[in-house]
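Have a look at the picture, then read on.

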Amino acid sequence: MVLGADLWLGSPTQVGSFKSQTGVSFPLLLCGNRCIGGTGICATTGSNCANLETLYGPYDNYLVINKQGIVRYHAANLWPHGNRYHLDEIRGCVDTLVSAVVGVEEAANAGPALRVAPNPFRGSIAIELSNPAGASRRVRVTVHDLAGREVARPFDGLAGAGRTRLEWDGRGPGGLLLGAGLYLVRAEVGAAVLVRRVVWLR
């Protein structure tokens, strides 16, 4: 299970706004640094506390905790603030904890699909299109800012049946890096239009 914790004492409205802007699909927890007693020194009150911030650290951080409550991966112990999202390390740790793998076949009549990962991202993001048709289709992948302006076009052409993988490195026209923020990845696969929100942390 993936959970996100707010460590800034945000209101339900603020956390809801973050969820809407980023498009995250996992649960977000309020008040991850509120004092709840226990051991550990609270940075706010100086008293003993066992909240998420005193247990695992502040700011952006990524942890993998097994069923027994043992921390198996703690990004803050390996990477400095601002450079803690390493999906390959997180997935590698999660894979070692999975005891059984269940195969799920895709539905035969599934339509086109669009996936983007990681999200949020730094550096570049992988864009994966699924074309279930038995033949090539015209595909256009564009990136838009929140005003709807097209800022990049990673792909425009024919894509074969199956999966097509692309990459976008946050650059716009002329190869200039765009500013960090929220963007929309839009894919036209035949007559279907798919949109995913992504957050670029740069």
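Is glutamate 128 buried or exposed? Glutamate 128 counts as buried, at 14% relative accessibility; here buried means under 20% relative accessible area, exposed means over 50%, and partly exposed is in between (1.4 Å probe, protein chains only).

Before going further, a word on the ground rules. This is a predicted model, where local features need pLDDT of at least 70, side-chain atom pairs count only at pLDDT 80 or more, and totals for chains, interfaces and linings use all residues. Residues are numbered from 1 along each chain as its sequence is written, and side-chain values use heavy atoms, with hydrogens and water left out.

**The big picture**

- You'll find three helices and eleven strands in the chain; these are DSSP runs numbered from the N terminus, with helices being H or I of at least four residues and strands being E of at least two.
- Following the sequence, the pattern goes β-α-β-α-β-β-α-β-β-β-β-β-β-β.
- The chain has 202 residues, and 28% of them count as buried.
- Among contacts in the chain with a separation of 6 or more, 44% are between residues 24 or more positions apart (contact means heavy atoms within 4.5 Å).

**The three-strand sheet**

- Strands β5, β6 and β9 make an open sheet in the order β5-β6-β9, with antiparallel pairing; two strands pair if DSSP finds at least two bridges between them.
- At its edges are β5 (113-117) and β9 (162-168), each pairing on one side only.
- On average, neighbouring strands here are turned by 20° against each other, direction ignored; axes are lines fitted to C-alpha atoms, for helices over the stretch in contact, and angles run from 0 to 180 degrees between N-to-C directions.
- β5 and β6 (residues 125-131) run antiparallel and are joined by five bridges, with arginine 115 standing opposite glutamate 128.
- In the loop between β5 and β6 sits proline 118, which is joined to alanine 117 by a cis peptide bond with omega of about -5°.
- For context, most peptide bonds are trans.

**The four-strand sheet**

- Another open sheet takes the order β8-β7-β10-β11, again with antiparallel pairing.
- β8 (150-159) and β11 (192-200) each have a single partner strand, so one side of each is left without a neighbour in the sheet.
- Neighbouring strands of this sheet are turned by 15° against each other on average, direction ignored.
- β7 (residues 137-144) pairs with β10 (residues 181-189) over six bridges, and seven bridges join β7 to β8.
- Valine 141 stands opposite alanine 187 in β10 and opposite phenylalanine 155 in β8, while valine 143 has valine 185 of β10 as its bridge partner.
- Helix α1 (residues 12-22) lies across β10 and β11, at about 125° to β11.

**Two hairpins**

- The β7 and β8 hairpin has five residues between its strands, and glycine 148 takes a positive phi near 90° there.
- β3 (residues 63-65) and β4 (residues 71-74) pair antiparallel over three bridges, with leucine 63 opposite histidine 74.
- The hairpin of β3 and β4 has five residues between the strands, and glycine 69 has a positive phi near 85°.

**Salt bridges**

- The structure holds eleven salt bridges, each being a side-chain nitrogen of Lys or Arg within 4 Å of a carboxyl oxygen of Asp or Glu.
- One of them links arginine 165 and glutamate 128 (3.0 Å, N to O).
- Arginine 165 is in strand β9 and glutamate 128 in strand β6, so this pair ties together parts that are 37 residues apart in sequence.
- Arginine 165 counts as exposed, at 60% relative accessibility.
- Aspartate 169 and arginine 171 also meet in a salt bridge (3.3 Å, N to O).
- Salt bridges that share partners join Arg138, Arg140, Glu150, Arg153, Asp156, Arg186 and Glu188 into one network.
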